[in-house]
Amino acid sequence: MSKEENTANRPDNTAFTQQRLPAWQPMLSAGIVIPGFVIIGVAFIGIGVALFVTSQNIQVLEIDYTGIETNSSCFKCKNTSVKNCNCTINFSRDKLFKGPVFVYYGLSNYFQNYRQYGASKDATQLTGDLSDLGDPSYCKEPCETCCPYRKDANDKPIVPCGSIANSMFNDTFKLFQIVNSSNVAVPLDGKGIAWWTDYNIKYRNPPTNPLKNAFNDTVKPIFWPRPAYELDPTNPANNGFINQDFLVWMRRSALPNFTKLYRRITEGEYAKGLPAGDYALVIGYNYPVVEFDGRKKVVFSNVSWMGGKNLFLGIVYLVIGSLCVVMSIVMLIVYAKFKFPDEE
Amino acid sequence: MSQRQRADSTGSLGPDDEVMPYSDDETDDELDASSEGEPEEPPEHQPGAQPPVDTRASDLGWSVKSNDRAYHQLPEFQRKVFLFIKKSKYSGNGIKTYKYNALTFIPLNLFEQFKRVANLYFLGLLILQIIPAITTLPWYTTLVPLVLVLTITAVKDLADDLARHRMDKEINNRKTEVLLDGGFQETKWMDMQVGDVVRLKKNDFVPADILMLSSSNPNSLCYVETAELDGETNLKFKFALKITDEKLQQEHQLAQFEAMIDCEEPNNRLDKFTGTMQWSRHSYPVDLDNILLRGCKIRNTDVCHGLVIFAGADTKIMRNGGKTRFKRTTIDILMNYMVYAIFALLILVALGLAIGHGFWYKHIGSLAWYLYDGKTYGSLYRGFLSFWGYIIVLNTMVPISLYVSVEIIRLGQSKFINWDLQMYYAEKDTPAKARTTTLNEQLGQIEYIFTDKTGTLTQNIMAFKKCNIGGKTYGNPMTAKGVPLDRGKPVDFGWNPYADPKFEFMDHSLVACIRSQQDQETLEFFKLLSLCHTVMVEHKEGELVYQAASPDEGALVTAARNFGFVFLNRTQDTITIKELDHEATYQVLALLDFNSDRKRMSVILKFPDGRIRLYCKGADTVIYERLSPHSLHQETTQTSLDIFANETLRTLCLCYKDISQAEWDAWSRKHTAASIATRDRDAALDQVYEQIENDLLMIGASAIEDKLQDGVPEAIANLAKADIKIWVLTGDKKETAENIGFSCQLLTDNMKIHYGEDVNEKLRVRQALRRNVAPTFGNKKKPAEPFFPEAGKNALVITGGWLNEILYEKKKKRRRLRLRRLGRRTLPASPTDGQPINDFEKEMRQVDFVDMACECEAVICCRVTPKQKANVVSLVKKYKKAVTLSIGDGANDVNMIKTADIGVGISGQEGMQAVMSSDYAFAQFRYLERLLLVHGRWSYIRMCKFLRYFFFKNFAFTLVHFWFSFFNGFSAQVAYEDWFITLYNVCYSSFPVLLVGLMDQDVNDKLSLKFPKLYIPGQKGELFNFKKFFISLFHGIFVSLIIFFIPYGAFLQTMGQDGEAPSDYQSFAVVTASSLIITVNLQISLETSYWTFVNCFAVLCSMAIYFGIMFDIHSAGIHVIFPAYFTFTGTASNALRQPYLWLTIILTVGISLLPVICLQFLSATIWPSVGDKVQRNRKKYEMEAEEEKRPPTFQRGGGSRRSGYAFSHSRGYADLISSGRSIRRRPTVAGGARNSIREGENI
């Protein structure tokens, strides 16, 4: 019998089969953990300070215009029966509001993250594909996505369908600087406020030209004053499914209190910011929030490298960083006390 | 029978230690059935006796007709199988162990898989997800993982089943010659049928249970090797009935053979067979000695013929296979409970959230006009829908891939066991084999090991090691001049043409002494060895082959052969040996055979010169009583006997006596008279033997080593250090077992050894005490006081008979039987009586026994039947709730191997039974140490780590939805993207933890073996239990809290760097998901203690895969193709270019990990475990291990005096030798030879 036959069943002698793979066996030893905590602590404190300071330097102006208080100028618009209600809110800045300044609208107690609400849209439709609207089976089956805003009472398909689109925010804002008691309009730039991917990829208009024809035999969402192809009367390109305001609204928020970008102030002398002075904000009050105890606000803010103002992150960084340093001292003491005897 | 009778008459002394208790395999039903017609048994009937052989055919339901296949298909033998399909009750000889065939695989396998609760649960979930009203997650989140899990399991099952198919095929296609159409034809085993006449050749395996008809050997004998049945390699013989042997030698005779065999129905008892053969109007009794059992191997017999009685599944060996118990590990059971716990938690959480939704909807949701969904459900119904929605959303709490991951890990562990070179036995080319892949981590939790002795601890090889002749000890390494050597060089036996080359001896002076022929005593010594034995010899191609009933005898005769006294031949009354240079033939006047009571055997020879001499060899204790006062060397021999015994050698004293012709004549008459006595013949013979075996003259003593396997004492010592208790369960005799106990260091001299009487007494006292104390109900069980209050180590040596006595196993049935016969109840025993009153007491007594045994350092049970072995194992399992392991090599161990939590078979030998029913198999006992301390420990640690982490990561993952619920109106909105949920368990987090489960090592194998204490946490189940589970749960809750609330804080009020879309849901989902992935991957990195490049790769890969897949799913291209399924277009790129969100992720990860590191460090510093300490000094120990080798041999401390006489097994073939013809007369000589041989079978 040859030697090979004798050892036919012999397992392979490799590092893997013998579980001898070269390995690094790190341990949470004092020499690593304690200095590690100090370093992490110091780094966190550093980041925290940077965040905190940056955040402190960001200027924010929030104006609640829900009109709950009776002395608010928007109080009169609170009642939903009042149509095309305008109200004006005056405010003044005593120093330059550094630009670029962004204008946001904010809603609170508004559950855009509600599951059924979030699901209530038709992703295919919003890519500009309206072909199956003519299909008689459309909406015959129990409503899947756009329920309950899929067809109107006359059984005509709603475009764009679904709850999100239907509940699109429709307050309007105009900002005037009061210079010598005359209103100078501050130009608000509504271009490019939505994500590039939303504008260019996720949402497309039907290729039909003019756009209006694509919407034949459809109706506008019930809540909307104008059909989708007439959302922005001033700019024909800003209509349909790629209307910037529509895109911003369709990107639903994570939390029930949220702000969404409305306009940028980037033009003319206001590009550098809002100079000190008195301002008037003219609000076209359309959006009802009072009945569900919501709030509406307008926010003016500038941004830094880290975005808008938020003290939370900076403070947490500082706290955790300090805790790390404290814990490293505690660990050092404990280690000194309970040091392993080298011999067992 | 003498010892038996004595035991009967002195029943109160307890059972006889020498007797193997009668096998208990019959069930109560069998007992009931057989008891009806039986004559009443004497009440004191001892377990040693056999029930009368009942050969009446009336109640024997199995009839076999030779050479008539059609007969067995007759309608009266048909039995209903299914509805109207009937089948003969006689099985074919094919065996089928596989489960599936090509057609049934998919349905059956799916059915089996869906029997698992987890799979069924996910199926139910899938159905829920299809219901539109409650679907909160798309169907693919469950379907993709479920299909993956099912596929992996199916593939594994398929591979297993294919292996079984191959195995079956191999066995079923073995060939044997079967008499068909008047001639013998090669036939596959599977085509054989009951009633076929077969021809078996030398070295064939017996294909079925066969009634032997004739043999080419004289005396109609056929030798078989039963290794596959009981692991013993010494030969047994079977014989045909005289009538058939004479008349059925030729093919044509066999072809015309027409007989009817009526016998018992197939059963599992290897030691019992009764039947009758009807042939030409005569009836002949048939019993086990005529039956060749399937699995035996024909030896030393050219050809034999037989008739198939039981085939295939009816054979005794198959019946003995028993049902394969489905074994589950404690972790498995624990894991199931945890899954149930999680399930309960899931329902609770979902219920809570559903209630939350009801309230929220009533107070907030119903007012929000934008949430109007066109439905008029009330808040209660909405809550109900929300409940199911949350069941779906939170389903990932029950980890879908848990079971399949566990299986993968176990499979890997098994492979590592198979691959381990250090458990590969090169000599037999046998690697270790994990035969099951489901029990690995249990190997790290063993508390009790039950081991067989023969073939497991020992090699079952006896070697002549030393001797003392005329007061001079030989055997230590020495030159021919008598100068001691440090390292021996084996003696060259080249001068002796008959020398057995395998024999090794180190002492050259002994050979020199013999060859010089100076010392008469030395010559006499070896002459005795070559003459006084019952070994049979066979001349095979010029070689001498000895067949010995016991290996000891074989060793002695072989030693004599090498030293020049070659046993050449024997006839019924002569022995021929070669004495150095000349042959001499001695006339055997009498052979006074060994039995366990006499502990000696003698032969009375008439020398060629007419002298009559008695040679005797036996245990020192009996020989010294019978020595002549004039005998020389008594002192010196005694001293060396002590030394031998302390070296755990098995000793025999050799002596002789010259007998005058007159003396012989007188004794011979008595002998003849005794040997034809009709009553108590054995006792009479013993008495006669006693009269001649006296005034002996000492020649010397021999010392035989019952060779332990390599490394057994070291392995046992190391396992003992790991707090593993080792019990030896053996069919061997007490002395032999005890001897081995000492030689493998299980017993030591400072132990107090307790025997059956002692144990029984203690138990009786304990029981009486309990009976005297009035039973108080509801009292707490106070810790039992120890049985051995004295300090010091204790050991228990107990025989099977005593076990029966103590545990009332047999007695229960017998008592019941007796009660029924007597028609009345026995009076309640008096309080001091040892008899139990009721089942409770019986149980308490068993508990007491187990408690007592567990107090001892070592327990040896000898003379136990396979059934008892299993009973002992199950007792410990039952009352100690301990994890048990059985290791054995023979069919007699199968029962215990199957009973224990883990069964280990010793492979590489011929016997396959133990291996076939074992869970792990390897070639050497010492590998057990590595299997447990290295593989078991690693497997346990890995599995625990894996499970802890797995539960953690699923909690951390799932509970984020829970926190999110409070901010989305409890609307079952998920916190992540659907695709992330689908792939999380499958792709993003499973590889690193799988690798940890497969490859992690806290310390390497050398240190694991060096510090057996590291094994203890496994026994206590410290690494995974409900406490650890809840820690994982809380860890998961903590991390999920951080992962939700840190991004929550960050998103509450912020804008992006460029001012746009600051806080949308999709960015939030990406931030939480990224934080989660980084956290769990870093967490597993923290838990990995053995970082190979593979681990590193897996961790980095998991994160890379996550980001890769995320960017793909969020890419433009995929959205264009499936706009409805991939809605996160551009989120990843938009969100992850914000430094602010990266800072959020870093902070989240930091807060999730830092406290864990801190706590781990503090607890390891303040309460370091043994493992921590070893790990801390790992480098140092590894350096040390490099330098030092293991101590080469260990020394036993000397001191006590033990008798370790050698006759390891049984009576020899004396009856067979001296009365070849008497075999045929056996039916009239009940008992006698048959019993003696059976005793020798050493169950």
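This is a predicted model: local features need pLDDT of at least 70, side-chain atom pairs count only at pLDDT 80 or more; totals for chains, interfaces and linings use all residues.

Start with the sheet in chain A: an open one of 4 strands, ordered β2-β9-β5-β6, with antiparallel pairing. Its edge strands are β2 (85-93) and β6 (182-186) of chain A, each of which pairs on one side only. From one strand to the next, the twist averages 30 degrees. On terms: helices (H or I, at least four residues) and strands (E, at least two) are DSSP runs, numbered from the N terminus. Two strands pair if DSSP finds at least two bridges between them.

Residues are numbered from 1 along each chain as its sequence is written, chains are lettered from A and ligands numbered from 1 in the order in which they are written, and side-chain values use heavy atoms, with hydrogens and water left out.

Back to the sheet. Strand β5 (residues 172-179) of chain A is joined to β6(A) by 5 bridges, and the two run antiparallel. Which residue of β6(A) is the bridge partner of Gln177(A)? That is Val184(A).

Next, salt bridges, meaning a side-chain nitrogen of Lys or Arg within 4 Å of a carboxyl oxygen of Asp or Glu. Over all chains, the search finds 39 of them.

In chain A, Asp245(A) and Arg263(A) form one at 3.0 Å, N to O. Asp245(A) sits in helix α8 (residues 244-250) and Arg263(A) in strand β7 (residues 258-265), 18 residues apart. Arg263(A) counts as buried, at 16% relative accessibility. Buried here means under 20% relative accessible area, exposed over 50%, and partly exposed in between, with a 1.4 Å probe and protein chains only.

In chain B, Glu407(B) and Lys156(B) form a salt bridge with their closest N and O atoms 3.6 Å apart. Because Glu407(B) lies in helix α12 (residues 402-419) and Lys156(B) in helix α5 (residues 140-172), the pair ties together parts that are 251 residues apart in sequence. Glu407(B) is buried at 11%, and Lys156(B) is buried at 14%.

Lys201(B) and Glu177(B) meet at 2.4 Å, N to O. Are its two ends buried or partly exposed? Lys201(B) is partly exposed at 36%, whereas Glu177(B) is buried at 12%.

There is also a salt-bridge network made of Arg598(B), Arg600(B), Glu625(B), Arg626(B), Glu690(B) and Glu693(B).

Last, the rings. Rings of Phe, Tyr and Trp (its six-membered ring) pair if their centres lie within 6.5 Å; planes under 30 degrees apart count as stacked, over 60 as edge-to-face and the rest as tilted. By this rule there are 108 aromatic pairs over all chains. Why is the pair Phe91(A) and Tyr279(A) stacked? The planes are at 15 degrees, with centres 5.5 Å apart, so the pair is stacked. Phe91(A) belongs to strand β2 and Tyr279(A) to strand β9 (residues 277-285) of chain A, 188 residues apart. Both Phe91(A) and Tyr279(A) are buried.

Phe526(B) and Phe563(B) form a tilted pair, 4.7 Å centre to centre with 40 degrees between the planes.

Note on methods
Axes are lines fitted to C-alpha atoms, for helices over the stretch in contact, and angles run from 0 to 180 degrees between N-to-C directions.
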